[in-house]
Amino acid sequence: MKKCFVVFTLLFVFILSSCTNDNNSNKLSGKTFDLVYAPVPLEGDINNPSKYQSFMKLEFSGNNKVSHTVYNEIEGTYELNEDTLIITFKNENEKLKISLLDFRQSERDFSTYTALIGDTESDIKDPNKIEYFQLIINKLNKDMPIEFIEIEE
């Protein structure tokens, strides 16, 4: 009897935790954001949204899909675990994984979320081919705070 109760309890916890992860991902689904760096110096116009510089536009859709639309539309996947958003782009020649740390609601009125740029991992099979992902990497400054400003379309 105890074994049955333990198995049932573990199964319930597993199902509940998987539903929680889906809800985290669903809060991004169907939304488009400009990712922006705060103005420098930070004390200046930190509360003026027009002073923030956009460096990337991300469109989140169902099934944990994400599109980057700055250069060419590049599709990838995303995963939101606790306070870390991991975005992965992949094509036949390149793979790029971006970790955004301390992902949370923004305190700014004009921004939905905030995060810190974490590690990036890239893999290029043939360096002689066009490197779209390298253009993205060049715009990412590790440990820099960013804001997610939602774009109403």
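These are my notebook entries on what I looked up in this predicted model.

**Ground rules.** I number residues from 1 along each chain as its sequence is written, and the side-chain values I use rest on heavy atoms, with hydrogens and water left out. Since the model is predicted, I take local features at pLDDT of at least 70 and side-chain atom pairs at pLDDT 80 or more, while totals for chains, interfaces and linings use all residues.

**Fold.** I counted two helices and eight strands in the chain. Helices (H or I, at least four residues) and strands (E, at least two) are DSSP runs, numbered from the N terminus. Read from the N terminus, the order is α-β-β-β-β-β-β-β-α-β. I then looked up burial: 33% of the 153 residues count as buried. Buried means under 20% relative accessible area, exposed over 50%, and partly exposed in between (1.4 Å probe, protein chains only).

**Salt bridges.** I searched the whole structure and found two salt bridges. The term covers a side-chain nitrogen of Lys or Arg within 4 Å of a carboxyl oxygen of Asp or Glu. One joins Arg104 to Asp102, with 3.2 Å from N to O. Arg104 is partly exposed at 38% relative accessible area, and Asp102 is partly exposed at 32%. In the other, Asp119 pairs with Lys142, and the closest N and O atoms are 2.5 Å apart. Asp119 sits in strand E7 and Lys142 in the loop between helix H2 (132-137) and strand E8 (145-151), so this pair ties together parts 23 residues apart in sequence. Asp119 is partly exposed, at 44% relative accessible area.

**Strand E7.** I went back to E7, which spans residues 113-124. Thr114 lies in this strand and is buried, at 9% relative accessibility. The Thr114 side chain reaches the backbone oxygen of Ile146 at 3.0 Å. I list this as a polar contact, that is, a pair of N or O atoms within 3.5 Å; within protein, one must be able to donate a hydrogen and the other to accept it, and residues adjacent in sequence count only if both atoms are side-chain atoms. Gly118 is also in E7 and is buried, at 4% relative accessibility.

**Strand E6.** I checked Leu101, which is in strand E6 (residues 94-105) and is partly exposed at 34% relative accessibility. Its C-alpha atom is separated by 5.6 Å from that of Ala115, 14 residues away along the chain.

**Positive patch.** I found Lys90, Lys95, Lys125 and Lys129 gathered in a patch of positive charge on the surface. Patches are made of residues with over 30% relative accessible area and no salt bridge; like charges are joined within 9 Å, and nonpolar side chains (Val, Leu, Ile, Met, Phe, Trp, Tyr) within 5 Å. Lys90 lies in strand E5 (residues 84-90) and is exposed, at 56% relative accessible area.

**Positive phi.** Most residues other than glycine have a negative phi. I noted Asn63, with phi near 55°, in the loop between strand E2 (53-61) and strand E3 (65-68). Asn63 is exposed, at 71% relative accessible area. Glu82 has a positive phi of about 55° although it is not a glycine. Glu82 is in the loop between strand E4 (74-81) and E5 and counts as exposed at 72% relative accessibility.

Definitions and conventions:
Accessible areas come from the Shrake-Rupley method with a 1.4 Å probe; for residues, only the protein chains shown count as cover. Lys and Arg count as positive and Asp and Glu as negative; His and the chain ends are not counted. The place of a charge is taken as NZ of Lys, CZ of Arg, CG of Asp or CD of Glu.
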